[in-house]
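Subject: Structure handover and findings

Hello,

Here is the structure for you to look over. My notes on it follow below.

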Amino acid sequence: VIWGLLFGGFFGDFISTLSSGSISFPTIWFNPIEDPIRIMMWSMIFGVIHILAGLFSKAFILIMTGRLMDAVFDVFSWVFVIIGSGVMLYGMVSGQNLAGEIGKYMALTGLGMIILFGGRDSKNPIARIFKGIGGLYNITSYFSDILSYTRIVALSLATAVIAMVVNMLGALAGFTLVGIIMFILVSIAGHLLNLALSSLGCYVHTCRLQYVEFFSKFYEGGGRAWKPVSINTRYIKLVKE
């Protein structure tokens, strides 16, 4: 509901359709249908923030458990790569050369840390370098995770278009007595269905992004296996005297 208000959607273009275009619901931020590239960029920005939150959570756990070097070389190195790549991309798009240079050196610093210290558990320096180079393969995982947040674009546009189609179908008969009855029935059925699909999408995709992209950064299983039903027998051996 909050994002619908920010994007200027009140059950799609319900007010505009109802008033025959004379009244439009105000857009507080921007209309994603008119500017899909903008919402795609913001979706990826939210993805970066979410992934960084997971990385910082991992760093906090490592530091609190006395593994400061692991936090520096395994976590903050990727923070430099992700933030540096974003700043560098911003500099390239906006023409800010200084921002582009800062982002480039941040990303290179992170990559250098991964190559030099990613395989620090190996005593052989050559094997250590090759392990560090192999660690760079994780860059595909991080950027694919960021790209997966573009599903927000599809969800936003899909629900907005469904709402517009429902309003259009409801207004086909005009604003006669029959048309008003048709508009009410189609609006109730169509928008309730859209709300149900939106609620399901919010649940499914939020869980997917939370457990896959967020928990995979820091969550570690532990404890003991839960065995509610187990067999605990006592053997008695009878000896004949």
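Some terms first. Contact means heavy atoms within 4.5 Å. Helices (H or I, at least four residues) and strands (E, at least two) are DSSP runs, numbered from the N terminus. The model is predicted: local features need pLDDT of at least 70, side-chain atom pairs count only at pLDDT 80 or more, and totals for chains, interfaces and linings use all residues. Residues are numbered from 1 along each chain as its sequence is written, and side-chain values use heavy atoms, with hydrogens and water left out.

Helix α7

Start with α7, residues 138-148. Its buried residues are Tyr142, Asp145, Ile146 and Ser148. Buried means under 20% relative accessible area, exposed over 50%, and partly exposed in between (1.4 Å probe, protein chains only). These four sit on the same side of α7, because they cover an arc of only 160 degrees around the axis. The arc is taken from the directions from the helix axis to the C-beta atoms. What do the buried residues of α7 pack against? They pack against α3 (36-64), α4 (68-94), α8 (151-170) and α9 (177-214).

The core

A nonpolar core is a set of buried Ala, Val, Leu, Ile, Met, Phe, Trp, Tyr and Cys residues joined through side-chain atoms within 4.5 Å. The largest one has 16 residues. Ile51, Leu55, Val75, Trp78, Ile82 and Tyr142 touch the most other members. α3, α4 and α7 each supply at least two residues of this core. α4 gives the most, with six. Trp78 is worth a look. Leaving out residues up to four places away in sequence, Trp78 touches Leu55, Ile114, Gly135, Leu136, Asn138, Ile139 and Tyr142.

The pockets

Pockets come from a 1 Å grid over the protein atoms alone. A pocket is an open set of points where a 1.4 Å probe fits, with protein on both sides within 12 Å along at least five of seven lines; lining residues have an atom within 4 Å of a point. Grid points are joined across faces, edges and corners, and a volume is the space filled by probe spheres set on the points.

The largest pocket has a volume of about 1500 Å³. Its lining has 50 residues, and Trp3, Gly4, Phe7, Ser156 and Thr159 lie nearest the centre. α1 (2-6), α2 (14-18), α3, α8 and α9 each supply at least two lining residues. α9 gives the most, twelve. By class, the lining has 26 nonpolar, 21 polar and three charged residues. Here Ala, Val, Leu, Ile, Met, Phe, Trp, Tyr, Cys and Pro count as nonpolar, Asp, Glu, Lys and Arg as charged, and the others, Gly among them, as polar.

The second largest pocket holds about 570 Å³. It is lined by 17 residues, with Met41, Met44, Ile45, Gly86 and Leu89 nearest its centre. α4 supplies the largest share of that lining, eight residues. The lining has 14 nonpolar, three polar and no charged residues.

Loops and tail

Two non-glycine residues have positive phi. Phe11 has phi near 50 degrees and lies in the loop between α1 and α2. Ser20 has phi of about 60 degrees and lies in the loop between α2 and α3. Is Ser20 buried or exposed? Ser20 is exposed, at 61% relative accessible area. Phe11 counts as partly exposed, at 39%.

Lys237 lies in the segment after α9. It counts as exposed, at 76% relative accessibility. The C-alpha atoms of Lys237 and Ser85 are separated by 72 Å.

Best regards
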